[in-house]
Each structure stands twice: as structure tokens, then as C-alpha cells.
Amino acid sequence: VYPIAELYKKGLNVTKDSKLVNITSDDQRVISVLNGDVDAAFVFSDARDIAAKDDKRAMTDVVPIYFTQWIPNDTISVRKDMPKKFRVKLAKAFKNIAKSKKGKQIIESIYSHYGYVDAKDSDFD
């Protein structure tokens, strides 16, 4: 969704001007480009590294042509039926851990999270 929206802002209507197909994994999208099954694919930045384990040509014959702005891809999510009080407590705990240098390093190394935004009360309803 992010690449399509970003390209739309730049003047390319991907959903109108292209035929879209769904390929479930990023490495298979790279292989599909490599094999000529599709002309291009939206993948995360390291997808060619994974695809190269199956076919080394993925690194030389599939060329990145555009990188979007940074896209957040990990969340800390809970079940909807979890008590609101606990959800708020859990969110505060992650934010508090991230306040210390050591805590920030741990969170970055485990989750690749680089900061937390304050959730609105409506996010906990």
C-alpha cells in the first residue's frame, strides 16, 4: 500500500496503469521478476538477499529502481478483548523501557523499533 500511495503522489497511478498480481512472499516476487513472470515487484529492501539463496542471479539481474520512504512494519499488538487497563499499562511499559539508553538498544535489537508514539485513548477501545 505504501509504495502505491507514494508513487501516486509522484504522478503514477499503479492500480490504473498496471496489472497487479499477488505473489505471497517477497523472495518469490524477486524470483518472479528474475524469471520474467512480472515486470516489477514491491518488496522490502533485503528481499534480493533472501532470493539469492535460491538463485544468485537475483543480486545481479534484478535491479532496485526505487526506494520508498521508511515504512514502519512491526507493531506491538494485543487482542481486542484484553482489558483496557492492561493495554495502557503494557504500552507505558514499552515506552518506559525505551527511555533508557540500554532499554532503547534492547528494543532496537529485538524489534527494530526506533521509538514509540503515544496511542490515543480510542486506540484502546
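Which residues does Met59 touch, not counting residues up to four places away in sequence? Met59 touches Arg48, Asp49 and Ala52, where contact means heavy atoms within 4.5 Å. The model is a predicted one, in which local features need pLDDT of at least 70 and side-chain atom pairs count only at pLDDT 80 or more, while totals for chains, interfaces and linings use all residues. Residues are numbered from 1 along each chain as its sequence is written, and side-chain values use heavy atoms, with hydrogens and water left out.

The protein has seven helices and zero strands, so that its elements read α-α-α-α-α-α-α from the N terminus on. Helices (H or I, at least four residues) and strands (E, at least two) are DSSP runs, numbered from the N terminus. Of the 125 residues, 20% count as buried; buried means under 20% relative accessible area, exposed over 50%, and partly exposed in between (1.4 Å probe, protein chains only). The protein exposes about 10,100 Å², of which carbon and sulfur atoms supply 54%. Accessible areas come from the Shrake-Rupley method with a 1.4 Å probe, and for residues only the protein chains shown count as cover. Among contacts between residues at least 6 apart in sequence, 39% join residues at least 24 apart.

An α-helix has 3.6 residues a turn, so residues three or four places apart point the same way. Asp26 is found in helix 3, and its side chain is joined to that of Arg29 by a polar contact of 2.6 Å. A polar contact is a pair of N or O atoms within 3.5 Å; within protein, one must be able to donate a hydrogen and the other to accept it, and residues adjacent in sequence count only if both atoms are side-chain atoms. Leaving aside its neighbours within four places in sequence, Asp26 is in contact with Phe42, Val43, Phe44 and Ala47. Just after helix 3, Gly36 takes a positive phi of about 80°.

Met59 belongs to helix 5 (residues 58-61). With a relative accessible area of 34%, Met59 is partly exposed. The C-alpha atoms of Met59 and Val30 are separated by 9.6 Å, although the two residues are 29 residues apart along the chain.

The loop between helix 2 (14-17) and helix 3 holds Leu20. Leu20 counts as partly exposed, at 45% relative accessibility. Not counting residues up to four places away in sequence, Leu20 touches Ile4, Val14 and Thr15. From Leu20 to Ala40, 20 residues apart in sequence, the C-alpha to C-alpha distance is 9.8 Å.

The next feature is the largest pocket, with a volume of about 1,700 Å³. Of the 43 residues that line this pocket, the closest to its centre are Pro3, Ala41, Phe42, Val43 and Phe44. On a 1 Å grid over the protein atoms alone, a pocket is an open set of points where a 1.4 Å probe fits, with protein on both sides within 12 Å along at least five of seven lines; lining residues have an atom within 4 Å of a point. Grid points are joined across faces, edges and corners, and a volume is the space filled by probe spheres set on the points. The lining divides into 28 nonpolar, seven polar and eight charged residues; Ala, Val, Leu, Ile, Met, Phe, Trp, Tyr, Cys and Pro count as nonpolar, Asp, Glu, Lys and Arg as charged, and the others, Gly among them, as polar.

Ile76 is partly exposed, with a relative accessible area of 37%. Its C-alpha atom is 9.2 Å from that of Tyr111, 35 residues apart in sequence. Tyr111 lies in helix 7 (residues 101-111) and, at 34% relative accessibility, counts as partly exposed. Between Tyr111 and Thr75, 36 residues apart along the chain, the C-alpha separation is 8.7 Å.

Arg87 is located in helix 6 (residues 84-97). At 10% relative accessibility, Arg87 counts as buried. The side chain of Arg87 reaches the backbone oxygen of Lys80 at 3.3 Å.
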